[in-house]
Amino acid sequence: MSATKMGSITVGEALAYILSHFAPLPPEPTPLAEADGRVLAEDVTSDIDIPPFANSAMDGYAVRAADTQGATRAAPRPLRVIGNVAAGYVAGATVGPGEAVRIMTGAPLPDGADAVIRFEETSEGDALHAGAAHAGNRPPEGAKAAWRDVAGGHAASGVTEVQLYAGVQPWDNVRHAGEDVRRGQVVLARGTVIRPFEVALLAAVGRPQVLTHRRPRVAILSTGDELVDVDQPVGPGQIRNSNSYGLAAQVRAAGGVPILLGIARDNLEELTARVAEGLAQAPDLFVTSAGVSVGDYDIVKDVLDREGTMHFWQVRMKPGKPLAFGVVRGVPLLGLPGNPVSSLVSMEQFGRPAILKMLGRLHLARPVVTVRALEAIPNKSGREHYIRAVVTRNANGEYEARSTGEQGSGILTSLTGANAMLIVEETRTLVQPGETVRAIMLDWPEQVF
């Protein structure tokens with residue numbers, strides 16, 4: 001696709017051209033505590049087995065499974081208790097025929113044992129139900145040596161014999177060495193998005209830091225004589241600068257770092273100075289809002305065209321017809337429309353995927369589902385129309401959608417009430433109630449399920 005100034009192009013053409021200018025940013029060492037939400041720039045290999053040793057999955061007794069066969073409550077099987085072992089300790093003796101070691105969850109399985117029987121299936125379970133106090137998962141205070149010492153022929157709890165009320169099979173209630181992760185295994189691949197679960201796994205394999213792609217820095221500049229900042233009173237003909245704050249929030253939500261440059265007035269000198277100020281902060285993407293249409297005062301396009309190589313398009317989408325993209329002094333620049341909804345929807349469609357690509361994400365698009373319209377949805381624009389909507393799920397498990405009401409490009413509440421955008425193709429003039437349409441899911445609130 002060859003870009004042309006003020007040419008009319010599709011959303012797909014614009015997105016493909018924009019994304020061709022981005023690549024994953026260089027990797028940087030990232031402390032594990034700060035890695036959540038980042039994308040791995042390396043394969044992570046484990047140098048240990050997890051778990052590193054066979055251990056008990058239950059509180060109970062480590063036994064030889066053969067010694068338990070035929071045991072019932074009516075005909076219990078007695079075993080001699082030769083000691084205790086808790087998590088963090090190692091049994092000092094081997095379990096022989098007719099013997100057992102009292103064992104806590106996570107403790108290494110003693111030599112000679114091949115199964116664990118739960119307390120509830122032994123006479124100790126009777127005592128527990130009767131309210132007898134036992135140590136639990138930790139050695140009693142001052143008695144850690146007794147828990148480690150299994151040579152004395154009795155348990156720290158004073159139990160010397162236990163009655164078994166059930167039989168167990170070999171390896172019942174035992175977690176095997178390496179059953180989760182094997183030494184040399186790639187546990188997380190390059191391109192993996194790090195969530196809390198991945199953080200836990202990285203900690204388990206002993207990685208205090210990992211290589212992740214750097215977060216992209218995004219400069220944001222709003223333009224227009226009519227704008228005042230959020231904390232300023234609104235005078236005649238003025239509106240508050242909602243675009244900068246909404247765009248910054250979108251950048252953060254995508255994983256980038258916003259650089260707020262404030263408001264530039266509609267004159268060449270100030271615009272040029274503010275663009276230079278933003279470029280001096282070494283952004284990976286520069287975003288402007290307003291000034292890229294064909295109005296008398298839309299001079300942003302003049303400044304950008306003078307400072308870099310820019311393409312100004314009319315994208316066949318609604319909201320968000322005017323769009324600019326190019327490179328200014330080596331920095332990709334995305335020029336968005338000024339109307340608030342147009343700006344935010346355009347950032348969603350073009351800016352968010354660019355940020356995700358710089359982060360090293362492998363999947364750039366949001367989930368798209370097929371929904372059934374609950375109302376008529378006209379499209380007289382001749383463009384691909386993004387209807388802000390609420391998607392729910394009916395009793396039959398089908399997705400249904402209703403618009404959030406007025407869909408004007410200045411109606412911010414059409415977005416605040418939405419969890420999806422319905423895609424009405426440019427060739428489709430009307431979606432009738434009951435007909436299906438695709439929906440880009442912005443989030444998945446509870447009522448969807």
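Reader: Among contacts in the chain between residues at least 6 apart in sequence, what share join residues at least 24 apart?

Author: Contact means heavy atoms within 4.5 Å. In this chain, 72% of the contacts between residues at least 6 apart in sequence join residues at least 24 apart. The model is predicted, so local features need pLDDT of at least 70 and side-chain atom pairs count only at pLDDT 80 or more, while totals for chains, interfaces and linings use all residues. Residues are numbered from 1 along each chain as its sequence is written, and side-chain values use heavy atoms, with hydrogens and water left out.

Reader: How many helices and strands does the chain have?

Author: Helices (H or I, at least four residues) and strands (E, at least two) are DSSP runs, numbered from the N terminus. Here there are nine helices and 28 strands. Of the 449 residues in the chain, 46% are buried (under 20% relative accessible area, with a 1.4 Å probe and protein chains only).

Reader: At what angle do the axes of H5 and H8 cross?

Author: Axes are lines fitted to C-alpha atoms, for helices over the stretch in contact, and angles run from 0 to 180 degrees between N-to-C directions. The axes of H5 (residues 242-254) and H8 (residues 340-358) come within 10 Å and cross at roughly 25°. The two helices are therefore roughly parallel (angles under 35 degrees). Residues of H5 in the contact include Leu 247 and Val 251, and those of H8 include Met 347 and Ile 355. By class, this contact has eight nonpolar, five polar and two charged residues (Ala, Val, Leu, Ile, Met, Phe, Trp, Tyr, Cys and Pro are nonpolar, Asp, Glu, Lys and Arg charged, the others, Gly among them, polar).

Reader: Which residues of H6 and H7 meet?

Author: Leu 268, Leu 271, Thr 272 and Val 275 in H6 meet Val 300, Val 303, Leu 304, Arg 306 and Glu 307 in H7. These residues divide into six nonpolar, one polar and two charged.

Reader: How many aromatic pairs are there?

Author: A pair of aromatic rings is described by the distance of the centres and the angle of the planes. Rings of Phe, Tyr and Trp (its six-membered ring) pair if their centres lie within 6.5 Å. The count here is five aromatic pairs. Phe 22 is in the loop between helix H1 (11-19) and strand S2 (27-31) and Phe 325 in strand S20 (residues 322-328), so the pair ties together parts 303 residues apart in sequence.

Reader: Are Phe 22 and Phe 325 buried or exposed?

Author: Both are buried. Ring pairs also link Phe 22 and Phe 325 with Tyr 17 and Trp 313 into a cluster.

Conventions:
Angles under 35 degrees count as roughly parallel, over 145 as roughly antiparallel, 65 to 115 as roughly perpendicular and the rest as oblique. Rings of Phe, Tyr and Trp (its six-membered ring) pair if their centres lie within 6.5 Å; planes under 30 degrees apart count as stacked, over 60 as edge-to-face and the rest as tilted. Buried means under 20% relative accessible area, exposed over 50%, partly exposed in between (1.4 Å probe, protein chains only).
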